[in-house]
Structures are given as structure tokens and as C-alpha cells.
Amino acid sequence: MTELADITGLLLSRIRDVADYPEPGVMFKDITPLLADPAAFTALTDALAGIATNTGATKVVGLEARGFILGAPVAVRADLGFIPVRKAGKLPGATLRQAYDLEYGSAEIEVHAEDLTSADRVLIVDDVLATGGTAEAAIHLIQRAGAQVSGLAVLMELGFLGGRARLEPALAGAPLEALLQV
């Protein structure tokens, strides 16, 4: 338990609050100080790689864009492949696309069609779980590719936005691990 408390304190100490960004009334959680600190970034990578191993993942999916920053080193540390899930129109070649609703409109994400197979168990990695819209779309995209979602791991969960409740049906029993609850 001490190790978890130590990493929680370390991670929290390296996340900066930025008031009124990107708009008035929003308290933005800036992870760039954490990324700039090798000890904190290593501790975060190790913790997420442990989740990947514990869930039996064969691949790591990172969600654009900060999920790329976190997911790629996790995949390397856990000796797994890394798959980027990008905004629509950013990947060349054949892709699978998933639309999802935003508060004011909609968006689409894509993955290369050949990057996931029915043999894959995928850990989704991102920095923040907020409302869960992007993560839910990624779950559906991974399932449409024929792969199984082994879990979802995030640095921090903004619990007051209800993302966990939204994702539980789509995760169908796969774990949702948040290192920090905000």
C-alpha cells in the first residue's frame, strides 16, 4: 500500500492546475510537468505497464493525442505492440472508423484495419477519463476490428463527469484502472 501512496503523491505533485483553460470555469490538469520529470514519468509508465501485464494485453491502444505519449512507452515497457487510435482522416490506407457524440456535435476516430486481429487483447491507455465518449468509441472500434478489450487504464479520472458509469456496459467486465481520482 505504501508503494501506491508513494506513486500517487509523486504523480499528484507533478500535475499542474491551470484555471480557466481552455475556457472560463474549467480547471485544466496539465501533465507536462509530470512528463518532464524522468522519475515521475518512469513511475507512471511502470504502473501502466503493470496494468497491461495484469490484464493479459497483447497490444496497447493509445488515444490521440496524450494517449500516444503515455501508451507508447507502456507498450515498450510491457513488450507489447502499440496501436494509435487517431482522429478521422489522419491515417493512410484502409481504416475502421467509429463516430461518437460530443457535448456540442460529433467526432470520429480511426484505426488501421490490419493492426488488430481476433487474437488480440487490447489495453486502452489515455491520460484522462472525463465523460468517456472517446474511450467508449475506442472500445467499439476495437471490438469491430475483432479484438477483445482487456481493460482501460488512465492516469486520472474526473469522477464528477460520470465516465466510469458510461463505460462499464461497454467494458463488459474488463477493468477500468485510474491511477488518480480527481
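User: Taking helices (H or I, at least four residues) and strands (E, at least two) as DSSP runs numbered from the N terminus, in which strand is E108 found?

Analyst: E108 is found in strand 6. This is a predicted model, in which local features need pLDDT of at least 70 and side-chain atom pairs count only at pLDDT 80 or more, while totals for chains, interfaces and linings use all residues. Residues are numbered from 1 along each chain as its sequence is written, and side-chain values use heavy atoms, with hydrogens and water left out.

User: Is E108 buried, exposed or partly exposed?

Analyst: E108 counts as partly exposed, at 34% relative accessibility. Buried means under 20% relative accessible area and exposed over 50%, with partly exposed in between (1.4 Å probe, protein chains only).

User: What does the E108 side chain pair with?

Analyst: The side chains of E108 and R97 are joined by a polar contact of 3.1 Å. A polar contact is a pair of N or O atoms within 3.5 Å; within protein, one must be able to donate a hydrogen and the other to accept it, and residues adjacent in sequence count only if both atoms are side-chain atoms.

User: And which residues does E108 contact, neighbours in sequence aside?

Analyst: Leaving aside neighbours within four places in sequence, E108 is in contact with R86, K87, A88, R97, Q98, A99 and Y100. Contact means heavy atoms within 4.5 Å.

User: What about E110: buried or exposed?

Analyst: E110, which also lies in strand 6 (residues 105-112), counts as buried at 3% relative accessibility. Its side chain is joined to that of R97 by a polar contact of 2.5 Å. Beyond four places in sequence, E110 touches several residues, including P84, K90, T95 and L141.

User: Q98 came up among the E108 contacts. Where is Q98 found?

Analyst: Q98 is in strand 5 (residues 95-102) and is buried, with a relative accessible area of 16%. The Q98 side chain makes a polar contact of 3.1 Å with the side chain of R144. Apart from neighbours within four places in sequence, Q98 is in contact with A107, E108, I109, A137, H140, L141 and R144.

User: Switching to helices, at what angle do helix 5 and helix 6 pack?

Analyst: Helix 5 (residues 133-144) and helix 6 (residues 163-171) pack at an angle of about 5°, with their axes 9 Å apart. Helix 5 is therefore roughly parallel to helix 6. Axes are lines fitted to C-alpha atoms, for helices over the stretch in contact, and angles run from 0 to 180 degrees between N-to-C directions. Angles under 35 degrees count as roughly parallel, over 145 as roughly antiparallel, 65 to 115 as roughly perpendicular and the rest as oblique.

User: Which residues meet there?

Analyst: G133, A135, E136, I139, H140 and Q143 of helix 5 meet R166, L167, A170 and L171 of helix 6. The residues of this contact divide into 5 nonpolar, 3 polar and 2 charged. Here Ala, Val, Leu, Ile, Met, Phe, Trp, Tyr, Cys and Pro count as nonpolar, Asp, Glu, Lys and Arg as charged, and the others, Gly among them, as polar.

User: Which peptide bonds are cis?

Analyst: The bond from Y21 to P22 is cis, with omega near 5°, as is the bond from E64 to A65, with omega near 0°. P22 is in the loop between strand 1 (16-19) and strand 2, and A65 lies in the loop between strand 3 (59-63) and helix 4 (66-78).

User: What is the phi of D79?

Analyst: D79 has a positive phi of about 60° although it is not a glycine. Most residues other than glycine have a negative phi, and most peptide bonds are trans. D79 is in the loop between helix 4 and strand 4 (81-87) and is exposed, with a relative accessible area of 70%.
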